[in-house]
Every structure is written in C-alpha cells, then in structure tokens.
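Please open the structure in your viewer and keep the sequence beside it.

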Amino acid sequence: RTLLNDIVLHDGITAPDVILEHLRIRLIDTLRQNEELMTIKDGIDGIIVKYDPAKNLLSFAGSYNPLVHIHDHRLEKIKTDRIPIGYYENFKKFNLYTIPIVKGDLVYISSDGYIDQFGGIERRKLLFSGYSGQLERIHGMDMEGQKKELREFIENWRGENEQTDDIIIVGLKF
C-alpha cells in the first residue's frame with residue numbers, strides 16, 4: 001500500500017491539509033529524515049483537492065504548486081504553501097483553502113514540469129505565464145481538445161530539447 005492510500009483509505013482522513021500533514025510525517029519517517037542525522041533533505045511538491053457537491057465548495061492544500069481556477073472566463077492563480085512535503089527546518093502547518101464552484105468553472109492542478117520545460121527560440125523555461133496563457137486560450141474547448149492542445153504546445157515549445165521533468169496536468173470542469 002502507498003502512504004497516501006494508507007492515510008485516506010485506512011485512516012479515513014479526508015481533509016486536504018490534514019492529509020498533507022500526515023503524508024509529511026510518514027515521508028519523514030520513511031526517508032529517515034530527522035534533525036540529528038539529516039542525511040536526506042528532500043521532499044515532494046503536490047496538491048490535494050476535495051470537492052463537496054452539496055455545498056459547491058472545493059477545498060485544497062498544497063506544497064508549492066498553485067491551483068488555477070477559471071470562473072466566468074477569468075483565470076485566477078491561487079498559490080499554495082511554500083513548504084515541502086518532507087523535512088523542513090521551519091516546520092509550519094499546511095493551510096486549507098476553499099473556493100466556491102459554479103457550474104462551468106474549471107480547475108487545473110499540475111506538477112511543475114510543464115512550466116519548467118525549456119524551449120522556444122531562446123531555450124528558456126516556459127514559466128507560469130506561458131502555462132496560464134495556454135489555459136486562457138483553450139479553456140473554452142472540451143477537455144479532450146484541451147489535452148491535445150496542451151500536449152501539442154509543449155512538444156512544439158520543447159522542440160529538440162529533452163523533457164526535463166515529469167509533466168502532469170489534471171483539469172476538472174464542473
């Protein structure tokens with residue numbers, strides 16, 4: 001079983017911020033990270049979302065990666081906490097964020113692989129501005145069309161450059 005499955009399925013924890021807290025503790029234990037023997041200073045980025053259809057509310061907590069919410073054709077980048085899931089010298093709890101959701105809204109969560117991809121004429125990183133520009137351009141398409149456009153764009157952007165990181169984007173249309 002995975003750490004995340006244990007936390008959600010076995011322990012029954014469903015609050016996104018609490019899931020990340022438990023995941024951090026278990027990851028620190030699994031990697032044997034502690035202040036005395038600190039040999040591995042590593043962690044992971046991520047975001048956990050939970051949707052309540054009865055209240056039309058989306059709750060989420062995250063480590064570094066933002067959540068993108070498109071409502072009424074307006075894109076909002078919602079930053080999450082700048083702390084890793086893993087050992088961190090300045091231990092802080094993860095915050096829980098909640099946004100109202102209306103029919104037609106879109107939410108995107110992603111790894112940093114898309115925005116960190118090198119390409120273009122100057123072989124520079126795409127950055128969030130390039131990513132959000134693509135989301136603004138394609139958000140009116142059906143989800144399959146968006147997937148195709150995002151894939152084609154990043155492949156064209158990358159050109160001959162090798163993919164430098166994992167790329168995952170999850171888009172939800174309500």
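Begin by selecting Ile168, Val170 and Leu172, which form a nonpolar patch on the surface with about 210 Å² of accessible area together. Such patches are made of residues with over 30% relative accessible area and no salt bridge, where like charges are joined within 9 Å and nonpolar side chains (Val, Leu, Ile, Met, Phe, Trp, Tyr) within 5 Å. A salt bridge is a side-chain nitrogen of Lys or Arg within 4 Å of a carboxyl oxygen of Asp or Glu. Accessible areas come from the Shrake-Rupley method with a 1.4 Å probe; for residues, only the protein chains shown count as cover.

The model is predicted: local features need pLDDT of at least 70 and side-chain atom pairs count only at pLDDT 80 or more, while totals for chains, interfaces and linings use all residues. Residues are numbered from 1 along each chain as its sequence is written, and side-chain values use heavy atoms, with hydrogens and water left out.

Now keep Leu172 alone. Is Leu172 buried, partly exposed or exposed? Leu172 counts as partly exposed because its relative accessibility is 31%; buried means under 20% relative accessible area, exposed over 50%, and partly exposed in between (1.4 Å probe, protein chains only).

Leu172 is found in strand 11 (residues 169–173). Helices (H or I, at least four residues) and strands (E, at least two) are DSSP runs, numbered from the N terminus.

Next, display the open sheet of four strands in the order 5-4-8-11, with antiparallel pairing; two strands pair if DSSP finds at least two bridges between them. Its edge strands are strand 5 (74–78) and strand 11, each pairing on one side only. Select strand 4 (residues 67–71), which is joined to strand 5 by five bridges. Within strand 5, Glu76 is the bridge partner of His69.

Finally, turn to the open sheet of three strands, ordered 2-3-7 with antiparallel pairing. Strand 2 and strand 7 (97–100) are its edge strands. Seven bridges join strand 2 (residues 46–52) to strand 3 (residues 57–63). In the hairpin of these two strands, select Asn56, which takes a positive phi near 55 degrees.
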